[in-house]
Amino acid sequence: MASSSTSLSKIIPANDPTTILPVFHPSVPSTLHFPSKPHLANKPHPAGDCKRTRISSKTRVSFISSFFTKNNDSKTIKDELLEAIVPLDKGADANPEDQQRIDQLTRKLEAVNPTKEPLKSDLLNGKWELIYTTSKSILQTERPKFLRSRVNYQAINLDTLRAQNMETWPFFNQVTADLLPKNSREVSVKFDYFKILGLIPVKAPERTQYGSLYITYLDEDFRVSRGDKGNLFILRMVDRSYIHSYTVPS
């Protein structure tokens with residue numbers, strides 16, 4: 001939820017009122033050259049060659065089949081998960097049975113995670129909407145419903161390793177943080193400033209400055225994270241082009 005010059009992508013939702021919810025593949029021109037061979041008409045292939053060809057073909061078919069099966073599995077699970085989340089008001093109305101059901105579906109989704117090193121992935125960049133969490137402080141369940149934030153967003157800027165959490169109506173509070181990667185899946189978060197009503201910067205108290213997050217699922221439009229206090233965060237991408245550029249007050 002200090003900046004580094006490395007372009008490690010990362011992101012982090014934390015388990016407190018200010019949760020902050022990071023693979024490039026360079027294209028390398030081929031330098032391989034395959035010399036032409038004389039046409040061997042009607043010449044039988046050695047048995048070993050035929051065997052190798054059959055194995056190679058099976059391997060390709062197996063890989064393609066596995067790829068599409070995995071994609072279909074994740075789509076089916078995401079659809080089921082979203083259907084279960086919709087009536088729960090981001091988790092505020094979830095009872096223990098609902099929470100268990102969401103957790104079970106989430107673990108199924110995590111098992112088919114397509115992004116093995118999420119903190120190196122530019123898929124984290126942009127603006128995300130929190131659609132479910134078990135964090136009571138973020139859900140604000142101690143407040144009357146009309147005083148709870150209607151929508152919660154999290155913006156990630158991979159170039160600066162910065163994150164920003166944003167509440168909407170009625171208070172529009174915000175919090176900013178530095179992202180400090182620990183490995184390819186876990187990131188520490190150092191909160192620095194709150195913005196009261198989205199306008200007034202206030203330095204984060206020491207007790208709320210640090211948190212950590214494990215990113216357990218990431219694709220182009222869906223993200224799952226688990227916090228160091230055991231809370232679950234599920235988010236969906238809403239604006240890939242959004243760039244958070246808020247700087248720390250001098």
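# Close-up views of a predicted single-chain model

**View 1. Overall order of elements.** Read along the sequence, the elements of this predicted model follow the pattern α-α-β-α-β-β-β-β-β-β-β-β. The chain has 3 helices and 9 strands; helices (H or I, at least four residues) and strands (E, at least two) are DSSP runs, numbered from the N terminus. Residues are numbered from 1 along each chain as its sequence is written. This is a predicted model, in which local features need pLDDT of at least 70, side-chain atom pairs count only at pLDDT 80 or more, and totals for chains, interfaces and linings use all residues, while side-chain values use heavy atoms, with hydrogens and water left out. Of the 250 residues in the chain, 42% are buried; buried means under 20% relative accessible area, exposed over 50%, and partly exposed in between (1.4 Å probe, protein chains only). The chain exposes about 14,500 Å², of which carbon and sulfur atoms supply 58%; accessible areas come from the Shrake-Rupley method with a 1.4 Å probe, and for residues only the protein chains shown count as cover.

**View 2. Confidence along the chain.** The average pLDDT (the predictor's confidence in each residue, from 0 to 100) is 77, and 68% of the residues score at least 70. Over residues 1-69 pLDDT stays under 50, and the model has 135 contacts beyond four places in sequence for this segment. Contact means heavy atoms within 4.5 Å. Where pLDDT is low, the predicted coordinates should not be read in detail.

**View 3. Nonpolar cores.** A nonpolar core is a set of buried Ala, Val, Leu, Ile, Met, Phe, Trp, Tyr and Cys residues joined through side-chain atoms within 4.5 Å. The largest one has 23 residues, and those with the most contacts inside it are Leu124, Trp128, Ile156, Leu179, Phe191 and Phe233. Two or more residues come from each of strand S1 (126-133), strand S4 (174-181), strand S5 (186-196), strand S7 (210-218) and strand S9 (232-239). S5 gives the most to this core, with 4 residues. Another core, of 16 residues, lies apart from it and includes Leu81, Leu88, Ile102 and Leu232.

**View 4. Strand S1 and its two partners.** S1 is mostly covered, with 8 of its 8 residues buried. Two strands pair if DSSP finds at least two bridges between them. S1 pairs with S2 in the antiparallel sense over 4 bridges; Glu129 has Tyr153 as its bridge partner in S2, and Lys127 has Ala155. S1 and S9 also run antiparallel, joined by 6 bridges, with Trp128 opposite Met237 in S9. In a regular strand the side chains alternate between the two faces of the sheet.

**View 5. Surroundings of Ile131.** Ile131 is placed in strand S1 and counts as buried because its relative accessible area is 9%. Leaving out residues up to four places away in sequence, Ile131 touches Leu82, Ile85, Lys90, Phe222, Ile234, Leu235 and Arg236. Leu82 is 49 residues from Ile131 in sequence, and the two are 8.8 Å apart in space, C-alpha to C-alpha.

View 6. Strand S2 (residues 152-157) is mostly covered, with 5 of its 6 residues buried. S2 pairs with strand S3 (residues 162-167) in the antiparallel sense over 6 bridges; Asn152 stands opposite Glu167 in S3. The hairpin has 4 residues between the strands, and Leu161 takes a positive phi near 55°. Leu161 lies in the loop between S2 and S3 and, at 0% relative accessibility, is buried.

View 7. Most residues other than glycine have a negative phi, and most peptide bonds are trans. Asp89, in the loop between helix H1 (47-85) and helix H2 (96-110), has a positive phi near 50°. Asp89 is partly exposed, at 29% relative accessibility. The peptide bond from Trp169 to Pro170 is cis, with omega near 10°; Pro170 lies in the loop between S3 and S4.

**View 8. Aromatic pairs.** The structure holds 2 aromatic pairs; rings of Phe, Tyr and Trp (its six-membered ring) pair if their centres lie within 6.5 Å, and planes under 30 degrees apart count as stacked, over 60 as edge-to-face and the rest as tilted. Trp169 and Phe172 have ring centres 6.4 Å apart and planes at 80°, so the pair is edge-to-face. Trp169 is partly exposed at 47% relative accessible area, and Phe172 is partly exposed at 38%. The rings of Tyr217 and Phe222 have centres 6.4 Å apart and planes at 75°, so this pair is edge-to-face. Both Tyr217 and Phe222 are buried.
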